[in-house]
Amino acid sequence: MSHSKVFDSTPRQTSPIETRYRRIVTPIPHPDTLPTLETLREFEPISMGGQPPIRWEKAEGFSVFDAAGNTWIDFSSGVLVANCGHSHPKLRAALIDQIENGVIFSYCFPNKPRAELVRRLVQLAGGRMDRCFLLTTGAEATENAIKLARTHGRNTSGPRRRVIVSFEGAFHGRTLGSQLAGGSPALKEWIGIENTGFVNVPFPDEASGKDAAFSDFLSALDRLGVAPDEVCGVMAESYQGGTGRFYPTQYMQHLRAWCDEHDVLLIMDEVQAGFGRTGKLFTHHHYGIEADIICCGKGLSGSLPMSAVLGNSRFMSSYGPGEMTSTHSGSAICARAALASLEIIEEEGLVENSRRLGDVLGSEIRALAARRPDLISAANGRGLMMAILFKDAAGLSGGEVAMKVVDTCVRQGVMLYAPVGPGGATVKINPPLMITEDALIEGLGVFAEAVECL
Ligand SMILES: Cc1ncc(COP(=O)(O)O)c(C=O)c1O
């Protein structure tokens, strides 16, 4: 692992910061937290070492606190989880009630929160969805979607129909199947198996000037030697997580029609994009399409591990009783968290807030990108999701520039997570959807200064 991906955890004093939303009054990271960071470094694999060196003590709404009284504006949502805000009182109360008065996991037996949640999710997703299978992580959801698509292909057309098509640069998780479906060859080297039935087609990027026509999809399949009757599923992130790019609407509509024509399941991976993040409850609805399978995770519960696969009984019922299960499926306590989070999102109009504040986020960041074309190659986003792609500059790689920006922001009281995407050159801004306009603007000011001062 490149050490440029590890944050410097040397405590450094900055001038004290005390604003309405930020408080940085000790060296960062606080020296008392160093033993925790050292224990993690000693006992965890280095893969876990790419996180900013701040020991979260508490998080509420859009604020993160350490034990020494420092406060950050959260631009991470805990990596796109806390859409409803951290530790919302309603969510906390639901969890406490479940802990004190109910079962605290599923025991693989029916429980009421699980029943309420699957019904709610099917209602919310609408369209072709009439079944919901609850799991724990996003990668489990995408794995399960792959399994369902391959099983359905096999059941309807025989073993030849097994190809999963996904997009170059895609990310669907880090387990075997989800990583095979991913679009980064380097991440799949460890698997070491050929002819897996997973192929990647180019991401149809309007912004980069590439031809975004759907004919690109068809010619890519042709080039790869894949006939439509070999394809069981097309899997797409609703926007590309590593770069924040969206698909051209027409392309997605053509893709939908092509999938229908060839009896291919269209799997929309909403693990990152779901539950209001981009100004719609489900991001793929921006394209005016219905999915066959929707994979959810992260923001579904706003907190505890909970994921879901939504689909139609036509293929969701391919497996008999006891054949498609998971020990923690529908954990009562996680289901309560998800139900509370969905309620908060609805009651507090957070999808609308994401759309409204997304305009502020978009215009501030696009103005910054226009001021600093020497540093920023693109700014892609919608709603409260913005991805800023950094260039090589001042003798640093784009990845190093991005790390520097994140490090400066974190030391100045704005919480971000490690850069992502190709070369680690993308910084993502994704605050909880309940952030206020003035807190968003304050945080964006810190971000802009961190970029301008490079
Ligand atoms: C689009 C997408 N799919 C799947 C996953 C995997 O989710 P998890 O990390 O919960 O396994 C992620 C995680 O970042 C993601 O962004």
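1. The model is predicted: local features need pLDDT of at least 70, side-chain atom pairs count only at pLDDT 80 or more, and totals for chains, interfaces and linings use all residues. Residues are numbered from 1 along each chain as its sequence is written.

2. Seven strands form an open sheet with mixed pairing, in the order β6-β12-β11-β10-β9-β7-β8. β6 (131-135) and β8 (198-201) are at the edges with a single partner strand each, so one side of each has no neighbour in the sheet. On average, neighbouring strands are turned by 20° against each other, direction ignored. Strands (E, at least two residues) and helices (H or I, at least four) are DSSP runs, numbered from the N terminus. Two strands pair if DSSP finds at least two bridges between them.

3. β7 (residues 163-167) and β9 (residues 231-237) run parallel, joined by three bridges. Valine 163 has valine 231 in β9 as its bridge partner.

4. Helix α5 (residues 138-157) packs on the sheet. It touches β6, β7, β9, β10 (265-269), β11 (293-296) and β12 (307-311), and its direction makes about 25° with that of β12. Contact means C-beta atoms, placed from the backbone, within 7 Å. Axes are lines fitted to C-alpha atoms, for helices over the stretch in contact; angles run from 0 to 180 degrees between N-to-C directions.

5. Helix α8 (residues 249-261) lies across β9 and β10, at about 140° to β10.

6. Around the ligand are 13 residues; Gly138, Ala139, Gly173, Val271 and Gln272 come nearest. Near means a C-beta atom, placed from the backbone, within 6 Å. α5 gives the largest share of this shell, three residues.

Definitions and conventions
Two residues are in contact if their C-beta atoms, placed from the backbone, lie within 7 Å.
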